[in-house]
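We go stop by stop: select, look, move on.

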Amino acid sequence: MLMATLGVQAVRPPPLTSTSDPPPLFDGTTRLYISYPCPYAQRVWITRNYKGLQDKIKLIAIDLEDRPAWYKEKVYPENKVPSLEHNGKVLGESIDLIKYVDANFEGTPLVPRDPAKQEFGEELISHVDTFNKDVFTSLKGDPVQGASSAFDYLENALGRFDDGPFLLGQFSLVDIAYIPFVERFQIFLSEVFKYDITEGRPKVATWVEEVNKIDAYAQTRLDPQQIVERYKKRYLNCNWFLTDLWATSFSFLLCNLNSEHWCCRLPQRCRIDCCELSFLCNQIWVVFICWSCRIYSLTT
Ligand SMILES: N[C@@H](CCC(=O)N[C@@H](CS)C(=O)NCC(=O)O)C(=O)O
């Protein structure tokens, strides 16, 4: 069961869709274009909140599934989020943007003064895409095996400075670069694969706990159920199940012959929780149900 840990949220403006008018562009207002489920956009959103720039940087949410045409045409030709409209220009790329917002706006600095911390911070930031890629790739295979080294990397990194629970001791842009992804991985891996990324990693456990106490971040968190649904659709693709019914039946027979549970023959991604097979109507109908994906298939 997913716990509702979102806390009190600031009112979120409704996402703009293909039928929404554009805001009065380049009128001197600084605007941050995001999509609520986007982890890249979340980085800049957290930075803006943490520095207390809610009145200086206006949040504009876009519905990426029903994107307004003017966004690509008039705002950001890359047609991605996040982007920042500031001083008559539109800038993109989340890592560049968090650095830009930190350097060009008031509020608590998010880069430490200590050169050793700055250097390690750059090293961690340059690793974040690899970290994400490793975990995302593992979701298509065996995440417990595949993602472990990525989270071990984080545990080791958290041991570098001992003057606080964050990656550079104090909360910084580096935590902001990682947390939106770790949030999603933690929820999905725990809910679907029963894999707790904090088990045996006490520093990661404390880090996640401490980041969650930061309101600027808590305000941006996604509904855990939404994360699970989105990632299930993307990573637990059961299309094979519908098209490959005969192969599945064959595995079922093989498993029976070998006295194994039938689902042990299924690909890892569809073995989670429990796959159930039932015979109905005197074995005329066979129902295959993959509980993890809530997809079922009926055959005679
Ligand atoms: N490298 C970019 C990635 C941004 C990105 O991929 N955003 C996604 C949403 S999470 C997007 O806008 N996708 C729309 C598309 O690709 O059409 C960054 O760090 O800002």
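Axes here are lines fitted to C-alpha atoms, for helices over the stretch in contact, and angles run from 0 to 180 degrees between N-to-C directions. Helices (H or I, at least four residues) and strands (E, at least two) are DSSP runs, numbered from the N terminus. This is a predicted model: local features need pLDDT of at least 70, side-chain atom pairs count only at pLDDT 80 or more, and totals for chains, interfaces and linings use all residues. Residues are numbered from 1 along each chain as its sequence is written, and side-chain values use heavy atoms, with hydrogens and water left out.

**Stop 1: α1 and α3**

Select residues 39-50, helix α1, and residues 94-104, helix α3. Their axes come within 9 Å and cross at roughly 5°. Angles under 35 degrees count as roughly parallel, over 145 as roughly antiparallel, 65 to 115 as roughly perpendicular and the rest as oblique. α1 and α3 are therefore roughly parallel to each other.

Now show side chains. On α1, the contact (heavy atoms within 4.5 Å) uses Tyr-40, Arg-43, Val-44 and Thr-47. On α3, Ser-94, Ile-95, Leu-97, Ile-98 and Val-101 take part. Colour these residues by class: 6 are nonpolar, 2 polar and 1 charged.

**Stop 2: α6 and α8**

Next, select residues 148-157 for α6 and residues 202-212 for α8. The axes are 8 Å apart, and the helices pack at an angle of about 80°. α6 and α8 are therefore roughly perpendicular to each other. α6 brings Phe-151, Leu-154 and Glu-155 to the contact. α8 brings Pro-202, Lys-203, Val-204 and Trp-207. This contact has 5 nonpolar residues, no polar ones and 2 charged ones.

Stay on α6. Which of its residues are buried (under 20% relative accessible area; exposed is over 50%, partly exposed in between; 1.4 Å probe, protein chains only)? They are Ser-148, Ala-150, Phe-151, Leu-154, Glu-155 and Ala-157. The cover over them includes α4, α5 (143-146), α7 (173-193) and α8.

**Stop 3: Ser-138**

Select Ser-138 in helix α4, residues 115-139. Ser-138 has 6% relative accessibility and so counts as buried. A polar atom of its side chain lies 2.7 Å from the backbone oxygen of Val-135. Leaving out residues up to four places away in sequence, Ser-138 touches Pro-143, Gly-146 and Ala-147.

**Stop 4**

Go to Ser-190, in helix α7. Ser-190 is partly exposed, at 37% relative accessible area. Beyond residues up to four places away in sequence, it touches Phe-185 and Tyr-195. Draw a C-alpha to C-alpha distance from Ser-190 to Glu-106: it reads 38 Å, across 84 residues of sequence.

Then pick Lys-194, in the loop between α7 and α8. Its phi is near 55°, a positive value in a residue other than glycine. Lys-194 is exposed, with a relative accessible area of 60%.

**Stop 5: before β1**

Select Phe-26, in the segment before β1. Phe-26 is not a glycine, yet its phi is positive, about 55°. At 41% relative accessibility, Phe-26 counts as partly exposed.

Thr-17 sits in the segment before β1 (30-34). Not counting residues up to four places away in sequence, Thr-17 touches Asp-63, Asp-66, Arg-67 and Pro-68. Its C-alpha atom is 14 Å from that of Glu-73, 56 residues apart along the chain.

**Stop 6: a cis bond**

Where does Pro-82 lie? Look in the loop between α2 (69-75) and β3 (83-86). The peptide bond from Val-81 to Pro-82 is cis, with omega near 5°.

**Last stop: the whole protein**

Clear the selection and zoom out. The protein has 12 helices and 7 strands. Of its 300 residues, 49% are buried. Among contacts with a separation of 6 or more, 67% join residues 24 or more positions apart. The accessible surface is about 15300 Å², and 52% of it belongs to carbon and sulfur atoms. Accessible areas come from the Shrake-Rupley method with a 1.4 Å probe; for residues, only the protein chains shown count as cover.

Technical notes:
Ala, Val, Leu, Ile, Met, Phe, Trp, Tyr, Cys and Pro count as nonpolar, Asp, Glu, Lys and Arg as charged, and the others, Gly among them, as polar. A polar contact is a pair of N or O atoms within 3.5 Å; within protein, one must be able to donate a hydrogen and the other to accept it, and residues adjacent in sequence count only if both atoms are side-chain atoms.
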